[in-house]
Amino acid sequence: MPSIDLRSDTVTQPTDEMRRAMAEAEVGDDVYGEDPSVNRLQDRAAELLGKEAGLLTASGTMSNLIASLTYCHRGDEIVMGDQAHMFWNESAGASALAGAQIRLVPNDSQGRIDPDDLERAIRPAGNIHTPSTTMVCLENTHNKCGGGVLTPEDTEKVASVAHAAGASVHLDGARIFNAAVALEVPVRELVKDVDDVSFCLSKGLSCPVGSVLCGSQEFIDQARRWRKMIGGGMRQAGVLAAAGLVALDGMIDRLAEDHANARQLARGLASIPGLTLDPDSIQTNIVIFHVDPSLGSAADLIGALGREGVKVGSPEEHYIRMVTHRHIDGGDVEETLGRVATVVKAMG
Ligand code: TLP
């Protein structure tokens, strides 16, 4: 029985074209700024996102941490949504290494934060008793909020409140190209009001490794120093950048297929008794659904599906997450739905 891996789009393998480009990549020592492939990737990413400069990092987590290190001094505060990946899944790096305190405001079901909540959360400047809010974080698409997208207007409203208070806005855009494809807007429109943005090459874009952080030249100059300090200065990293260049040229538009497959998956799951989700809420490639506790726990369902060759994850108790990607086609979606229906029936 062939296995179907829906745990994440991070499981995607590099394409043949990427492997060829990696094998033939022109490289140099990137710590000296001399890797031509890295430089090309950083320039191309910055241009695509409408920012002055880019920086290749090892991962989305490293990019987010570097942004925190760049904007915050010890004792500063970062405001972010209460479902943020940076809060839940990054080992408290912003607190442990940047020394920042995290303040949470609610995320709505699509991953937005309310500008009024943000305004109330930002600390007034000049009070020696309170931390200074130096950074506000947004996430687009929003992982724990079912791949929800922020429109340029959603982002602008939050950014204008943050900027009025003197805080910088970092966008965790791990899947920003999914948002651009879903909204059919140029990616630079989506990020025009944020100070910096990080996107991942190693998720739906299918690269083996890497993220790119983009922002002003001044921000990237500081970020480069932090990257070196935390051990992220890589040498002949052009081998990785070469795959990134292939991704930016040819892997963005196909994300629409992942979105269509996610919608097909969501419609099928919603028709299985005991599983709850609104298929109309699916905007990109992440499908999160509720499992009726009478069937068992999410962990029970993960175990039973695993025995049927379907690999999935659980973002929290009673919820399952499935992520579509380049190795999942319409046939795999139908096969998954059949196996899920069988397993759920047996558990009921
Ligand atoms: N997310 C992973 C897991 O950590 C949950 C996944 O499978 O979705 N920001 C966002 C919004 C992310 O979803 C992720 C990875 C990251 C940052 C971190 O990226 P990496 O894994 O490259 O450090």
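Contact here means heavy atoms within 4.5 Å. By that rule, 20 residues of domain 1 are in contact with 14 residues of domain 2. This is a predicted model, in which local features need pLDDT of at least 70, side-chain atom pairs count only at pLDDT 80 or more, and totals for chains, interfaces and linings use all residues. Residues are numbered from 1 along each chain as its sequence is written, and side-chain values use heavy atoms, with hydrogens and water left out.

**Domains**
- The chain is assigned domain 1 (13–250) and domain 2 (254–347); such bounds come from an automatic or database domain assignment.
- Their C-alpha centres lie 28 Å apart.

**Domain interface**
- About 1400 Å² is buried between domain 1 and domain 2, and carbon and sulfur atoms give 49% of it.
- Buried area is the accessible area (1.4 Å probe) that two parts lose on being put together, summed over both.
- Lys 144, Gly 146 and Asn 178 supply 30% of the area that domain 1 buries against domain 2, more than any other three residues.
- The rule finds one salt bridge across the interface, defined as a side-chain nitrogen of Lys or Arg within 4 Å of a carboxyl oxygen of Asp or Glu.
- Lys 144 forms a salt bridge with Glu 316, with the closest N and O atoms 3.6 Å apart.
- The side of domain 1 that touches domain 2 has six nonpolar, 12 polar and two charged residues. Here Ala, Val, Leu, Ile, Met, Phe, Trp, Tyr, Cys and Pro count as nonpolar, Asp, Glu, Lys and Arg as charged, and the others, Gly among them, as polar.

**Ligand site**
- Around the ligand are 14 residues, of which Ser 8, Thr 61, Asn 143, Asp 172 and Arg 175 come nearest; a residue is near if one of its heavy atoms lies within 4 Å.
- A ligand oxygen atom is 2.8 Å from a polar backbone atom of Gly 60.
- For the side chain of His 85, an N or O atom is 2.9 Å from a ligand oxygen atom.
- For the side chain of Arg 175, the distance from an N or O atom to a ligand oxygen atom is 2.8 Å.
- Taken alone the ligand exposes 510 Å², and the protein buries 80% of that, with areas from the Shrake-Rupley method and a 1.4 Å probe.

Note on methods
A polar contact is a pair of N or O atoms within 3.5 Å; within protein, one must be able to donate a hydrogen and the other to accept it, and residues adjacent in sequence count only if both atoms are side-chain atoms.
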